Amino acid sequence: MSERVLDCLVVGGGPAGLTAAIYLARYRRRFQVVDAGQSRAALIPTSHNHAGFPDGIPGPVLLRRMAAQARKYGAHIVPGSVTRLERRPDAIFVATLDREPILARTILLATGVVDREPKLPDVSDVIRRGLVRHCGICDGYEAMGRRVGVIGHGNSGLHEALFLRTYASDITLLSLGRPLTLTEEERRQAAQAEIAVVEAPVRRVVVEGDQVRALDMLGGECRSFDVLYAALGSDARSDLVRGLGTHLDDKGCVVTDAHQRSSTDGLFAAGDVVRSLDQISVAMGQAAIAATAIHNRLRGVPSPKTASDDTLSFSAQSLGTCCTPSREAQLG
């Protein structure tokens, strides 16, 4: 009996992974999406810059709609985390999911990044409420005319504050007691932009109603903000491919070419785990490119339309892939 091998295993169920699922399903490929449920999009209260939603759309709603669209075409999306990824001498990838191996001809890594969060009580809930944000590109417009605090330990915090100066005039850069290591020129830029720089320790941060208050600063000073932006950076979820020798940049992001191919043959990457502009629309575009490149790479592999009955039976029943729509897809 021949081995059961997927055309592609998509690791990650955020905007990139789900876009790839829609494309791969419509390409009639045998694939599976493994979703650890850690997409940053799930924390977005409302996205106002995603095209097609003039009134905005909450991140969780967008993810549910994308998953439903993928399942409509028979995509198989399962919860879980891939804990190990290897590549055999015959170029087949072996992924470990819940101690069980999954074989695939190609991998699409769409694991994203994890933000470095400020130390706040119930930080996830505060993010969902929109009181702590990470992306001025995404929602700086919504901060227009508000009191803005930017938390940063280096010049990245200043760059975020200068970016937000487009929208707000009351901006404070907080280092939480750590030196900002700004050059004289950078401090001049902050002063010229009328950005307050506070390097004193903040011993306590509380959320009161719709405001974030920094308390117990030196001298007993207290500052209140309508919104805090965390400019502490992020870490790419790329550890899974380090053992493959995949080329990563200095931030740990996967380096890809114009077709989202990595340096490891058969391994593709899309979304925030790739160094680019961290935006939903960019992740979706990269995923469309990657899925198409994967399909073109596998054009010599029999598709469900031409495969034998045995192969069809295996792929639909054993792997729950896109050959035959699942019962959920048929009912939905």
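Student: How much of the 332-residue chain do buried residues make up?
Tutor: This is a predicted model, in which local features need pLDDT of at least 70, side-chain atom pairs count only at pLDDT 80 or more, and totals for chains, interfaces and linings use all residues. Residues are numbered from 1 along each chain as its sequence is written, and side-chain values use heavy atoms, leaving out hydrogens and water. Buried means under 20% relative accessible area, exposed over 50%, and partly exposed in between (1.4 Å probe, protein chains only). Of the 332 residues in the chain, the buried share is 48%.

Student: Which strands stand at the edges of the open sheet of five strands?
Tutor: Two strands pair if DSSP finds at least two bridges between them. Five strands line up in the order S8-S15-S9-S10-S11, with parallel pairing. An edge strand here has a single partner strand, so one side of it is left without a neighbour in the sheet. The strands in that position are S8 and S11 (195–198).

Student: Which residue in S15 is the bridge partner of Val148?
Tutor: Let's look at both pairings of S15. Strand S8 (residues 132–133) pairs with S15 in the parallel sense over two bridges, and there Arg133 stands opposite Tyr229. Strand S9 (residues 147–151) also runs parallel to S15, joined by four bridges. In S15, the partner of Val148 is Val227.

Student: Which residues of S15 point the other way from Val227 and Tyr229?
Tutor: Strand S15 spans residues 227–230, and its side chains point in two directions. Val227 and Tyr229 point one way, and all four of these residues are buried. Pointing the other way are Leu228 and Ala230.

Student: Is Ser175 buried or exposed, and what is its relative accessible area?
Tutor: Ser175 is found in the loop between strand S10 (170–174) and helix H6 (184–192). Not counting residues up to four places away in sequence, Ser175 touches Gly152, His153, Leu180, Val198 and Glu199, where contact means heavy atoms within 4.5 Å. Ser175 is buried, because its relative accessible area is 0%.

Student: At roughly what angle do the axes of helices H1 and H8 cross?
Tutor: Axes are lines fitted to C-alpha atoms, for helices over the stretch in contact, with angles from 0 to 180 degrees between N-to-C directions. The axes of H1 (residues 15–26) and H8 (residues 280–297) come within 8 Å. Residues making the contact include Ala16 and Tyr23 of H1 and Ala287 and Ile294 of H8. The axes cross at roughly 40°.

Student: Why is the aromatic pair of Phe163 and Tyr167 tilted?
Tutor: A search of the whole structure finds two aromatic pairs. Rings of Phe, Tyr and Trp (its six-membered ring) pair if their centres lie within 6.5 Å; planes under 30 degrees apart count as stacked, over 60 as edge-to-face and the rest as tilted. Phe163 is partly exposed, at 36% relative accessible area, as is Tyr167, at 23%. With the ring centres 6.5 Å apart, the pair is tilted because its planes stand at 55°.
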